[in-house]
Amino acid sequence: VIRCRAAVAWAPGKPLSVEEVEVAPPKAGEVRIKIVATGICHSDDHILKGSLPNVEFPVIPGHEGAGIVESIGQGVTSVKPGDKVIPLCLPQCGECSFCQNPQSNFCQKSHFSEPQNLLPDKTSRFSCKGKQIHHFLWVSTFSEYTVVPEYAVAKIDAAAPLDKVCLFGCGFSTGYGAAINTAKVKPGSTCAVFGLGGVGLSVVMGCKTAGASRIIAVDINKDKFAKAKELGATDCINPRDFKKPIQEVITEMTGQGVDYSFEAIGHADTMIAALASCNMNTGVCVMVGVLDSKISIDPTLLLTGRTWKGTMLGGWKMRECMPKLVSSYLEKKFNSDLLITHTLPFAEVNEGFELLRAGKSIRTILLF
């Protein structure tokens, strides 16, 4: 058993508490990882507010991390102690019908099929003050050590800087892949991206890499426009600067709406605006943000031929694609480092969330 620091969410609506926790050794088919760096993602904030379904408290959040394998359980063959790895919040078991479908990146071991609050044997590897602590999506990267199933770990290049590629565990992969894999943005096309946080800006990068000729970035925080332009946005617009709905503004700017639109916020009204701002017949709208409410739409928005789809972690089959993404980063095919605005010691985790809520950070990296 290892004793180490972790940030525990004891109950919804309360700040994280940095505690000493016990982390049990890995059982058969499991891997114990020493986390080196972890990003703060909006989904972690949803946990703290209590708005993410199926999460059980007390819990150690965090799902965007990178580290080094400390020990392995019986039967583990794909990683060994000392390997650099990224724990995956969307597993790839390789056995379910989704994993065996080349067009799918879902896995039936994931949170949407059965909650990942405990490891597959229905027990936790975390305890604190004599209490069992729940895992989050199996990864719980807000702990100095964490235990995950082997099929939720990807081995990456030993040259990769862990304090930079930890973003690939969620934010960067989700946004970049939404453009490249889910929408399949074509060269010369037009795109609109709603929300310029870490995920939305990664969508902008994906659209640029795919060769989009026009990328319209939409946010009510104009402080994010300079970064969006640096990453490839051609136009930046603030809905508060217009008297008419933003979908009408985008339609007028482009003639008939964009070819692809992306919603990376998670609000019902911006989901509808994103859908309405793409071409009424051939437009594709991708839902990237985590929606925390129900939504009602006018069916004629879809009747004319629009496509409305969601994306899970950018459509990547995580275990097999993560090493390739990291290799592309090392080959400088994109510069995801530009998303990192703050780096803090792990003890300042709550300050990191304050920066996020105030709209002052794109991505904050916590270092152990």
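Between domain 1 and domain 2 there are two residue pairs in polar contact, both at pLDDT 80 or more, where a polar contact is a pair of N or O atoms within 3.5 Å, one able to donate a hydrogen and the other to accept it, with residues adjacent in sequence counted only if both atoms are side-chain atoms. The model is predicted, so local features need pLDDT of at least 70 and side-chain atom pairs count only at pLDDT 80 or more, whereas totals for chains, interfaces and linings use all residues. Residues are numbered from 1 along each chain as its sequence is written, and side-chain values use heavy atoms, with hydrogens and water left out.

The two parts are domain 1 (2-169 + 336-367) and domain 2 (175-311), with bounds that come from an automatic or database domain assignment. Their centres, taken over C-alpha atoms, are separated by 29 Å, and the contact (heavy atoms within 4.5 Å) takes 10 residues from domain 1 and 14 residues from domain 2. Together the domains bury about 940 Å², 67% of it on carbon and sulfur atoms; buried area here is the accessible area (1.4 Å probe) that two parts lose on being put together, summed over both. On the domain 1 side, Leu338, Leu339 and Ile362 lose the most area to domain 2, together 53% of what that side buries. The count of salt bridges between the domains is zero, a salt bridge being a side-chain nitrogen of Lys or Arg within 4 Å of a carboxyl oxygen of Asp or Glu.

The largest nonpolar core has 108 residues, and Phe142, Phe168, Val185 and Phe262 have the most contacts inside it. Such a core is a set of buried Ala, Val, Leu, Ile, Met, Phe, Trp, Tyr and Cys residues joined through side-chain atoms within 4.5 Å, and buried means under 20% relative accessible area, exposed over 50% and partly exposed in between (1.4 Å probe, protein chains only). This core draws at least three residues from each of domain 1 and domain 2. Apart from it lies another core, of 16 residues, among them Val249, Ala273, Cys285 and Leu301.

Two further residues can be followed individually. Ser336 is placed in the loop between α9 (318-330) and β16 (340-345), and it counts as buried because its relative accessible area is 0%. Leaving out residues up to four places away in sequence, Ser336 touches Leu167, Phe168, Phe172, Met205 and Tyr329. Asp83 lies in the loop between β4 (65-72) and β5 (84-87), these elements being DSSP runs numbered from the N terminus (helices H or I, at least four residues; strands E, at least two). The side chain of Asp83 reaches the backbone nitrogen of Lys80 at 2.8 Å.
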